[in-house]
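Let's take a friendly walk through one protein model. Have a look at the sequence and the structure first, and then we will explore it together.

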Amino acid sequence: MTKLLTKKATKMQKPFDQIQLHAISKAAQAEMQDKLDNLSKPIKGLGQLERLADKLAGIQETTDLKIDQRICLIYCADHGIVSEAVSATSEPLSNVLSANVAEGHACVNALAMRNRCEVKVFDIGLAGNYQTTKMVDEKIQRGTKNMLTSDAMSRQDAVKSIQTGYDNAKQAIADGNQLLLLGEVGLGNTSASSAIVSTMLALPVDDVVDKGSDISVKQFEHKKQVIKDILAARQPDKTDPLGVLSKVGGFEIGATVGTMIAGAEAGVPVIMDGFISDAAAVLAKAFYPDITDHLIASHLSGEKGAQRVLDYLDLKPLLQLGMAVGEGSGAVVALALIDDIQSVLVNMNTLQDLNFEYEN
Ligand SMILES: O=C(O)c1ccc[n+]([C@@H]2O[C@H](COP(=O)([O-])O)[C@@H](O)[C@H]2O)c1
Ligand SMILES: Cc1cc2nc[nH]c2cc1C
């Protein structure tokens, strides 16, 4: 496996930009648009589904899309900040939710069953133990530290989290997967994601933060203040994305960044999920400005800051359902649209088949 980073390089501000991203094929994109325009439907009639096909063709360098083998990589970790009462529980209990995903009984599993998607679950930093052998143990630490009082993690552990996500994605690609979907479980991670987004996009906390795993109005006001206090205490520097991850991030967010890098290096499309994917993409873009060419935004998360982030990333979400589950659930739902456009490409007649010609 490629070692992304030496120990010395952890001191650098942008240590991950030595990898070459796979080139996007403009020729395959143009060919895909021709192919779509020649089908027996109004030109551009399938709207954003056609843009999706163009993007997939550019990434995969072919109009013969490869989408049969798909996997959702779900990174699970805890956040010390939950002790400040910003989440559904003030205990780091993500192990309970993660084990449910690993055992196959969570929201993402129900959706993955219907959308033919493998689910693989990783403990990247859960605080507690779990009662299942179905989770891959890659625990870096037992949760992040409370970022109100100290950095969430060391720079070395931030690197480790990115490297772990990168290695898992490389393995998934070596196993033959043609689409990588992102998912996570991590109580407290909408606070971490809000802190990252607010820092990297220089946005006021109030424009970004939302209720996450559904907290009361009173708790929501408190959460906003906690995130403001974190940013004042940690002073994350947007020109140092690794520092931002280590000061106010999470292990699952780092692993998500690493998976994005590996997919973009290999020419394998990466399907993002919700607000935590969005925050990870902002960090990944700081390392690789062109990485968004390889990312598909499955949906617009219900979290307030999501639209601002997708605008910043210049990504258009396929769906807007107000979903805020996490786990990769939105990414898996969007597979249905990828299957739809593939069916169109494979099963439709062309205009020539009908001897139909446009007059203008
Ligand atoms: O994906 C999203 O946009 C999303 C929005 C709100 C909540 N979540 C999930 O809920 C958890 C984070 O919420 P919270 O309130 O603990 O920060 C975490 O496990 C996420 O998977 C996920
Ligand atoms: C019940 C529950 C399920 C989840 N799945 C992902 N994050 C979650 C957060 C909560 C609170």
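Which helix gives the most to the shell around ligand 1? It is helix 6, with 3 residues. Helices (H or I, at least four residues) and strands (E, at least two) are DSSP runs, numbered from the N terminus.

Before going on, note that this is a predicted model, in which local features need pLDDT of at least 70, side-chain atom pairs count only at pLDDT 80 or more, and totals for chains, interfaces and linings use all residues. Residues are numbered from 1 along each chain as its sequence is written, while chains are lettered from A and ligands numbered from 1 in the order in which they are written.

**The ligands**

A residue is near a molecule if its C-beta atom, placed from the backbone, lies within 6 Å of it. Around ligand 1 there are 22 residues, and the closest are Thr 190, Gly 212, Gly 274, Ser 301 and Gly 326. Strand 4 (179–185), helix 6 (189–200) and helix 10 (275–287) each supply at least two residues of this shell. Around ligand 2 you will find Ala 88, Leu 97, Val 185, Ser 213, Val 325, Gly 326 and Glu 327.

Here is how both shells divide; Ala, Val, Leu, Ile, Met, Phe, Trp, Tyr, Cys and Pro count as nonpolar, Asp, Glu, Lys and Arg as charged, and the others, Gly among them, as polar.

| Shell | Nonpolar | Polar | Charged |
|---|---|---|---|
| Ligand 2 | 4 residues | 2 residues | 1 residue |
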